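Dear colleague,

I am passing on the structure below, and I would be grateful if you could look it over before reading my notes. The notes follow directly after it.

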Amino acid sequence: MSEPVFYCRNIIKCYEGIPVVSGINLDLDTGGLISLVGPSGVGKTTLFNILAGVDLPDKGRIFLEGEEITGIAGRVSYMMQKDLLLEYRTVLDNVILSLLIRGHKKKAAREYAAAFFQNFGLAGYEKKYPRQLSGGMRQRAALLRSCLQSLKISGSEPNNPVILLDEPFSALDALTRRNMQDWFQNIVKGPSLPLGNRHLSAVLITHDVEEAIILSDRVYVLTGIPGVISTVFDVSAPRPRSRDFSLTLEFAELKKTVLDAIEK
């Protein structure tokens, strides 16, 4: 069995001596997607800050492609609930921000990023401003920006990008959200042309159990104070999943089981 592309071991974090999360272990395979679900206040965002390297755990270690990255920011991408697009920059210039921060020249960054616009449903909007985009398109732009943050451009940079998604679709209306889920499944499915035959792998926080089951290979249930992984559920149906999957007995039974685990 191959080693996960991204994983953490025994993550513990306390604030003012009070444990917030304890004993957290996660495994993300190359080209995979795992979800974290659970009630508010169990430490999901705290855990994401640690996984992203912007906060240190009191105990535990985090690895990317076999290399320890505990406390090192910028090695994995982090997309928050709000798109955080800068209204005074064009869509293209918003998308390339992470490339500019990494020291790439603006012209080269624009050329590199523009090649992804077709696959992200943004072709023709390169010179538009965020206010001219729909909610779903803004999220696509934010996701592309996050993906480019950890894409390998030179030999010294990460190869297989990992992205942390903190409820990226929660602000969208129901129809747009479902369309975004369908689209996102085709971006995160192993080797994919939009990412130059690289694997995009993702960890998703969501309060929507249906979304977790539709998108994920594995659903981790985080419960309690401090937050612990109380249960892990594998979703056996192959990705990408059709909309009919949500009408199956497998989906209904798994949804009930996950909900029961959250409510224990």
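**What was found**

F63 stands opposite E68 in strand β5, and β4 and β5 pair in the antiparallel sense over 2 bridges. Here helices (H or I, at least four residues) and strands (E, at least two) are DSSP runs, numbered from the N terminus, and two strands pair if DSSP finds at least two bridges between them.

Before going further, please keep in mind that this is a predicted model, in which local features need pLDDT of at least 70 and side-chain atom pairs count only at pLDDT 80 or more, while totals for chains, interfaces and linings use all residues. Residues are numbered from 1 along each chain as its sequence is written, and side-chain values use heavy atoms, with hydrogens and water left out.

The pair β4 and β5 belongs to an open sheet of 4 strands, whose order is β2-β1-β4-β5 and whose pairing is antiparallel. The edge strands are β2 and β5 (67–68), each of which pairs on one side only.

Strand β1 (residues 6–15) pairs with strand β2 (residues 18–28) in the antiparallel sense over 7 bridges, and β1 is also joined by 5 bridges to strand β4 (residues 59–64), again running antiparallel.

Along its principal axes, the C-alpha trace spans about 50 × 40 × 35 Å.

Of the 264 residues, 51% count as buried, that is, under 20% relative accessible area with a 1.4 Å probe and protein chains only. Among the contacts (heavy atoms within 4.5 Å) with a separation of 6 or more, 67% are accounted for by residues 24 or more positions apart.

With kind regards

Key: Buried means under 20% relative accessible area, exposed over 50%, partly exposed in between (1.4 Å probe, protein chains only).
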